[in-house]
Amino acid sequence: MNTIKIITKAVADELDIDPIEVTAEADLREDLNIDSLVLLELLLGVEDELGVRFSKNDFKNVNTINDIAELVEKRKDQSLAPEEY
Amino acid sequence: MFRAVITGMGVVTPAGNEIDTFYNNLFNGNCCISLIENLDTSDFSVKLAAQVKEPEYEQYFAKRELKHNARFVRFARFAAKEAWKDSGLNHDDFDGDLCGVLLASSIGGFEEIEKSYTRLTARGPSMVSPLFIPSMLINMASSNVAIDLGLRGSNGAPVAACASGAVAVGEAYLRIVNGIDEIIVAGGSEASITPLSLAGFSAMTVLYEGKDISRASIPFDSARKGFVMGEGSGVLIVEELGHALKRGARIYAEICGYGVSCDACSITAPDKEGIMLAMKRALTCAEIDSKSVDYINAHGTSTQVNDRVEAQAIAELFGNNSPPVSSTKSIIGHTLGAAGAIESVASVLALYKQKLLPNANYCMYDDNCPVNIVTEQRAGNLEYVLSNSFGFGGQNACLVFKRWT
């Protein structure tokens, strides 16, 4: 599964809806009504699944699934194996 | 002084998640204890518990709404919705600024604490969920219910170990009679059938460790060997009498007395004097004497010490002709911080239906427990019912309910 699909599935699971209903451009907070703590939880799941590590402030610049995917690419260089966290 | 009445009730219990089922199981003495299902007990000496069957949450909530709630919060939200529906309250009937929520728990999100700590030790601090804290804090039941029902008045989660639920109902009574709020959604919730909880209580040697369901939770029986862990939630709509009458509400019973005390002598051992003081204070508050009490819904945990001390306190305060006594815990185990609230529901049902509920599976009289035990369901002429709850820490809370006619 590619990055966008993995993130979309995580968002859909959180919202309890079909991934087809989630677009990569939707604003997570405004359109999908995801609050900041739930967004942090989502990012934690993405980190875990994709083996990347975000910085504490990364979430502030994240508004859409596309943003998360870009962040994953950006942080891939710094990726750690999950057991090293 | 205002008066406080009960106009709605909801439960999530091992004996059922709606009032009629709960009533039938409880008053027929159908013991709801079984082998522990949701965790591997092979390393544990404890094998039995009184477990809740998942409520039909979808009646009230989208799956997403409950996703980040601890089990005890989910129980409370469901029971509160049931109680609210049962009360017949609708949008035009109440002023949210004058309505509150007091929902107790003894421990809160035990399961979330265990899981997050396991994650912390296995994966490190950065892998602990940002939703861990707001999922498990004890006051999250009262907070979520306030959001669900739009109640902006008094709010909180009294903590007094196994007396917590009774304290919540009692404090609701005080707020109503003093004119602070017009309605309080009051009760308790607990979900403590978890590894750490069972290990901790087991280490205290207070749990029954056999496999014989019919001899597991037998309050006041001479063969009792400890309590059985239960789980669940009980919620009552405590409403100012004038408010209830004005909207034509169905009234189950009145709360007319509340007495609390602290043993102030031991953290874990019950004390006869402290228990007597709480019962006396409740009777004084209700302005009745001990002869007026027609039934006592005992704390009755099925531990040797609790039942002996409670029975002796009852015998001393009420004399040789003590009112009939039974313990709800014989049927649904000990639901800790929910117990006082679920037992309030049981006491109110006793008054409303004019029936006494049995102390299930009671068969061996104990000379050290000189009280009149109800052994099977029977009709009663009940005017006043006393409900007892005591907690570790020496906190005692007693409630007096009065028949509504």
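1. By class, the lining of the second largest pocket divides into seven nonpolar, six polar and six charged residues. Here Ala, Val, Leu, Ile, Met, Phe, Trp, Tyr, Cys and Pro count as nonpolar, Asp, Glu, Lys and Arg as charged, and the others, Gly among them, as polar. The second largest pocket holds about 520 Å³ of space. Among its 19 lining residues, Asp35(A), Val38(A), Glu65(B), His68(B) and Asn144(B) are the closest to its centre. Two or more residues each come from H2 of chain A and from helix H2 (63-66), H5 and helix H6 (140-149) of chain B. H6(B) gives the most to this lining, with five residues.

2. A word on the ground rules. This is a predicted model, in which local features need pLDDT of at least 70 and side-chain atom pairs count only at pLDDT 80 or more, while totals for chains, interfaces and linings use all residues. Residues are numbered from 1 along each chain as its sequence is written, chains are lettered from A and ligands numbered from 1 in the order in which they are written, and side-chain values use heavy atoms, with hydrogens and water left out. Helices (H or I, at least four residues) and strands (E, at least two) are DSSP runs, numbered from the N terminus.

3. What lines the largest pocket? Its lining has 28 residues, and Glu41(A), His68(B), Arg119(B), Ser129(B) and Leu131(B) lie nearest the centre. With seven residues, H2(A) gives the most. The space in the largest pocket is about 760 Å³, and its lining comprises nine nonpolar, six polar and 13 charged residues.

4. Grid points are joined across faces, edges and corners, and a volume is the space filled by probe spheres set on the points. The cavity lining includes Ala70(B), Phe72(B), Phe110(B) and Ala191(B). H3 and H4 of chain B each supply at least two of the lining residues, and H4(B) has the largest share, three residues.

5. Now to strand S8 (residues 253-262) of chain B. Eight of its 10 residues are buried (under 20% relative accessible area; exposed is over 50%, partly exposed in between, with a 1.4 Å probe and protein chains only), so S8(B) is largely enclosed by the rest of the structure. Strands pair if DSSP finds at least two bridges between them. S8(B) is joined to strand S1 (residues 4-12) of chain B by three bridges, running antiparallel, and Ile6(B) stands opposite Ala253(B). S8(B) also pairs with strand S14 (residues 395-403) of chain B, in the antiparallel sense, over nine bridges. There Cys262(B) has Gln395(B) as its bridge partner.

6. If you were wondering about disulfides (cysteine sulfur atoms within 2.5 Å), the count over all chains is zero. The sulfur of Cys32(B) lies 6.6 Å from the closest cysteine sulfur, in Cys31(B), too far for a bond. Cys31(B) is partly exposed at 25% relative accessibility, whereas Cys32(B) is buried at 14%.

7. Finally, the aromatic rings. Rings of Phe, Tyr and Trp (its six-membered ring) pair if their centres lie within 6.5 Å; planes under 30 degrees apart count as stacked, over 60 as edge-to-face and the rest as tilted. Over all chains there are seven aromatic pairs. Tyr23(B) and Phe27(B) form a tilted pair, with centres 4.6 Å apart and planes at 35 degrees. Both lie in helix H1 (residues 19-27) of chain B, four residues apart, about one turn of the helix, and both are buried. Tyr60(B) and Phe78(B) are edge-to-face, with centres 5.5 Å apart and planes at 70 degrees. Phe78(B) is buried, at 2% relative accessible area. Ring pairs also link Tyr57(B), Tyr60(B), Phe61(B) and Phe78(B) into a cluster.

Conventions
1 Å grid on protein atoms, 1.4 Å probe; cavity = no way out; pocket = protein on both sides within 12 Å on 5 of 7 lines; lining within 4 Å.
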